[in-house]
Each structure stands twice: as C-alpha cells, then as structure tokens.
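Hello,

Here is the structure I promised to hand over. Please have a look at it first, and then read on for what turned up in it.

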Amino acid sequence: MAEYVRVAVDAMGGDNAPSEIVKGAVDAATANEQVRILLLGDEKAVQTELSKYTYPKDRVEIIPTTEVIEMAEPPVNAIRTKKDSSIVRGMKMVHEGEADAFVTAGSTGATLVGGQIIVGRIKGIERPPLAPLMPTAKGPVLLIDCGANVDARASQLVQFAQMGSIYMENVIGIRNPRVALFNIGAEEEKGNALVKETYPLLKELDDINFVGNIEARDIPAGAADVVVCDAFTGNAILKMYEGVASTLLGEIKKALMSSLAGKIGGLLIKPSLKSVLKKFSVSSYGGAPLLGLRGLVVKTHGNSKAVEIQHSIEQCVTFQKAGINDQFKDRMHLVDRTVKKEESAS
C-alpha cells in the first residue's frame, strides 16, 4: 500500500470557497498519486462541488464541520470558541497526527494563532515566520517573515534565515541559496538597530550562504533567493509588490486597447507577453508556509483560485517528502550557539 501525504484542506475558507477550493483539491489528487486529500467543511456543500468532477474517490475524503471562522472575527476568540470550524479541526488533525499538513485560504489571523496554539512550535524555534514565494527575473524568492512577527529580535531573524535556506534548497531545489538581510542600503553599517544587530550574527553562520544586505529595488531582479526581515517590513514589501504588478498590468492593457495600432501590436506580442506574465504569476508558487511548527500549515491568498490551491497541496507533498521539519530540528542548535557567543562577547 502506498504511503500517502495526508493534506487537510479548509474547503470553507476564502472568497471562492467551496467551489475553487474543491476544484483545486481534486486537481491535486488527480495529478499526484502520493497525496490524500481531507476536505473539511459543510458536508452537503462540499459533496455538491465534488459531484461535478471525476476524481480518485479512495484519496479524497470529506471531514464534516459545522462552523466557519470569518475573515473579520477576532482570531484568538474565534479559535477558542469555534471548535468545530474547518480551521480548528484541520489544525487539530495535524497536531494529533491525522494529517501531515493543513492548507487554508481563510482568516490569516486565525491561521497564525491556531498554528501556534494548536499545532505548536518545534522545540528551539522562537517564532514561526510566514514565508511566501514571490516571482523575480531569476525565479522565486522567499520573503521571510511577511506577516507573523511584526516585532522580531535578531535571534529570530537568524532562525528565519536558516529555515528559509533549508526550505529553498529542499522544496524549491535551489542549491546553496543566497540569503540576504533586507535593509535601506548595501553597507553593513546601515539600517536600524535590529538589522545592525542581526548582520554580524548571519555573517558568522557557516550553514547558510549569506550575501549581505539587499535593498527593495534589487528584489525583483533576483539578487537573492531568501530575503530576511521582520513581518512589518515584509508585509509592506509584499503588498507593494502585488500593487505595482497589478497597476502595471492594468496600464499595459489600457495602452494596448487605446488605439487600433495598439490592438494590432497587442496581438503580435501576445505570446511573448503571456510567457512573461506566467513567469511573474504568484499563483504558480502556491501558498505561504508557516515555518517552524510541529506540522505544516500553509496559508494561501483569500482570493485563491483552484490553481493556487493545487500548487499549495503539491507544496505540502514536497515539504513532507523532503523531511523539512527534521532538518529544522537538526540545525536550530547552531543558531543558539551563535547567539550565545555574540551575547557573551558583548
């Protein structure tokens, strides 16, 4: 009997639930024989969506739930009171070993709170970061942290760097990934107190390929494979990235449709334009994993379509097969030694 990677999927979370969530889950199960899907949500609604497709019924199962955590609900209260919600049940399945991973497009706040309270952190991990992949001219870059830890310490950023390096090497397949610290300048002496304290700690690590500071303008060009920062900074980078991309695409479309010559030119460049847009499409990378937990939790965009759900599930399979959490456990002691060495020197 094949050993499946069991992925619990929140069928009720996000703007397009349950239709796009179920479709993405079915597509993932159809494309990958190594995955078993556990769809959590309203049984009737999920079954109605499943009835539209032909899929491997032995690898797609409905786990009935009766509650949904809404986007605007206070996260802590929602996690405590809605015990039969798809988010809480999914995370409990991961915690209890009934699932290897959990994917949701639902409330970010509830996902972050539930990840820490229900799933729990790996021993030695100070704070779990949220780490999405973003497109660049040279392939994906991991932005870590983008939303979990607004106020971070230097020791935590060091752990983010190590986890990000392990993730990019083993899940994305980038050998010896370049790790950079986000800053307002390339010089070592620049930045606020946090980055000034973090820089020498990263410089001393011998298990990551630290390439120094990186400025915002160099991220889209692909100057690093992992960008390390606190969540306040990371979230601002991510939102600006998405906003500029959306605005540029809208302006290009507007320009091409503004005249007959533009429309003709648009037809001529359409194949090349589609290729470029595909390269810079966030949907092809899946969701943002909450790294450092005892089990994998992946948060996708609230407006995720089926393709993003599918890629997020496939992401979970790669993560599990590569034994990422075991590698985290093996390497975290290196951070402790480095931080203690720096503290004793001061």
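**Salt bridges**

The side chains of E61 and R36 come together in a salt bridge, with 2.7 Å from N to O. Before going further, please keep in mind that this is a predicted model. E61 sits in strand β3 (residues 60-64) and R36 in strand β2 (residues 35-41), so this pair ties together parts that are 25 residues apart in sequence. How open are the two partners? E61 has 32% relative accessibility and therefore counts as partly exposed. R36 also counts as partly exposed, its relative accessibility being 22%.

In total, the structure holds 12 salt bridges. Another of them joins the side chains of R178 and D225, at 3.1 Å from N to O. This pair links distant parts of the chain, since R178 belongs to strand β7 and D225 to the loop between β8 and β9, 47 residues apart. Is each partner buried or exposed? R178 is partly exposed, at a relative accessible area of 24%, whereas D225 has 8% relative accessibility and counts as buried, because the cut-off for buried is under 20%.

A further salt bridge is formed by E187 and K190, whose closest N and O atoms are 3.7 Å apart. E187 counts as partly exposed at 36% relative accessibility, and K190 counts as partly exposed at 36%.

**The sheet around β7**

Strand β7, which holds R178, is part of an open sheet of 5 strands in the order β5-β6-β9-β7-β8, with mixed pairing. At the edges are β5 (133-134) and β8 (209-214), each of which pairs on one side only. Strand β7 (residues 178-182) runs parallel to strand β9 (residues 226-228), and 3 bridges join the two. Which residue of β9 stands opposite A180? That is V227.

As general background, nonpolar side chains tend to be buried together in soluble globular proteins. Here the largest nonpolar core has 62 residues, and those with the most contacts inside it are I37, L39, L50, V228 and I313. Helix α6 (residues 154-172) supplies the largest share of this core, 10 residues. Another core, of 38 residues, lies apart from the largest one and has V119, V141, V227 and V297 among its members. The V227 in that list is the residue that stands opposite A180.

M240, V244, L248 and I252 make a nonpolar surface patch of about 370 Å². I252 lies in helix α8 (residues 231-256). At 38% relative accessibility, I252 counts as partly exposed.

**L296**

Finally, L296 is found in strand β11 (residues 296-299). With 4% relative accessibility, L296 counts as buried. What is L296 in contact with, leaving aside neighbours within four places in sequence? The list is V94, D100, A101, F102, P289, C316 and F319. K329 is 33 residues from L296 along the chain, and their C-alpha atoms are separated by 14 Å.

Happy browsing, and do write back with any questions.

Best wishes

Conventions. Residues numbered from 1 in each chain as written. Predicted model: local features only at pLDDT ≥ 70, side-chain atom pairs only at ≥ 80, totals over all residues. Heavy atoms only, no water. Pairing = 2+ DSSP bridges. Helix = DSSP H or I, 4+ residues; strand = E, 2+ residues; numbered from the N terminus. Salt bridge = Lys/Arg side-chain N within 4 Å of Asp/Glu carboxyl O. Buried < 20%, exposed > 50% of the residue type's maximum accessible area, 1.4 Å probe, protein only. Core = buried A, V, L, I, M, F, W, Y, C linked by side-chain atoms within 4.5 Å. Patch = residues over 30% accessible without salt bridge, like charges linked within 9 Å, V, L, I, M, F, W, Y side chains within 5 Å. Areas by Shrake-Rupley, 256 points an atom, 1.4 Å probe, with all protein chains shown as cover. Contact = heavy atoms within 4.5 Å.
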